[in-house]
Amino acid sequence: MNKLDLMKRLSMMYVLLILGLSTVIAMLISVKYTSFYIPALSLENYTKVEPTVQMKEDASLLVLSNDCKRVTMVISNHQAESIILGIKKKIGYRPTTHDIISTVFKDFGIDVMMVKITELKNDTYFAKMFLRRGNKIVEVDIRPSDAVAIATRLDAPIYVSNSLLKDTC
């Protein structure tokens, strides 16, 4: 192969490389990103709320509210104390179960994406906690008071189904 043939081949390869790269770039520019709809993660018909606790002698009240909407649940004083510690970002003399779970989540890189109070059946409220580690998401069935106690420690948002909220204004 002479020098001229080598130059022609190299020129042809260079042109093909440029055409190939420009095609790839054009394809990347024209790509439309696909979004995924995961029904369980949808916040449609849910309202973000903030927790407060009203301590009583026998049992306490967990109030989840946003402006003029609220839901109130009866919880044990033990749960109420744990939620209050979570809201205040304090740990008592010894860590509670909620403190331990929160620490394990942090140390293993597990994010609490959100808590959703989903329904009321037979005078019992139900909740879901959504956990993410890397690209894996897990939905966990959990008592609302436990979910709120953990969410307050980890600054996770809390949502309540609009069907459970009562207007108070």
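Which residue in E7 does Val49 stand opposite? Ile158 is the residue facing Val49, and the two belong to a stretch where strand E1 (residues 46-54) and strand E7 (residues 158-161) pair in the antiparallel sense over four bridges. Pairing here requires that DSSP finds at least two bridges between two strands, while helices (H or I, at least four residues) and strands (E, at least two) are DSSP runs numbered from the N terminus. The model is a predicted one, in which local features need pLDDT of at least 70 and side-chain atom pairs count only at pLDDT 80 or more, whereas totals for chains, interfaces and linings use all residues. Residues are numbered from 1 along each chain as its sequence is written, and side-chain values rest on heavy atoms, with hydrogens and water left out.

Zooming out from that pair of strands, the sheet is open and has eight strands, in the order E6-E5-E4-E7-E1-E2-E3-E8, with mixed pairing. Strand E6 (136-142) and strand E8 (166-167) sit at the edges with a single partner strand each, so one side of each has no neighbour in the sheet.

Two helices lie across this sheet. Helix H2 (residues 77-88) lies across E1, strand E2 (60-66) and strand E3 (69-75), and runs at about 110° to E1. Helix H4 (residues 144-154) lies across E1, E2, E3, strand E4 (111-121), strand E5 (124-133), E6 and E7, running at about 40° to E5. For these angles, axes are lines fitted to C-alpha atoms, for helices over the stretch in contact, and the values run from 0 to 180 degrees between N-to-C directions. Contact itself means heavy atoms within 4.5 Å.

Another salt bridge joins Asp146 to Arg143, with 2.8 Å between the closest N and O atoms. Here Asp146 is buried at 16%, but Arg143 counts as exposed at 51%.

Just after H4, Asp155 takes a positive phi of about 55°. The side chain of Asp155 meets that of Lys89 in a salt bridge (2.8 Å, N to O). That pair links distant parts of the chain, with Lys89 in the loop between H2 and helix H3 (97-107) and Asp155 in the loop between H4 and E7, 66 residues apart. Lys89 is partly exposed at 47%, whereas Asp155 counts as exposed at 60%.

Back in the sheet, Thr118 lies in strand E4 and is buried, with a relative accessible area of 18%. Leaving aside residues up to four places away in sequence, Thr118 touches Tyr46, Phe126, Ala127, Lys128, Ser161 and Leu164.

How values were computed
Salt bridge = Lys/Arg side-chain N within 4 Å of Asp/Glu carboxyl O. Buried < 20%, exposed > 50% of the residue type's maximum accessible area, 1.4 Å probe, protein only.
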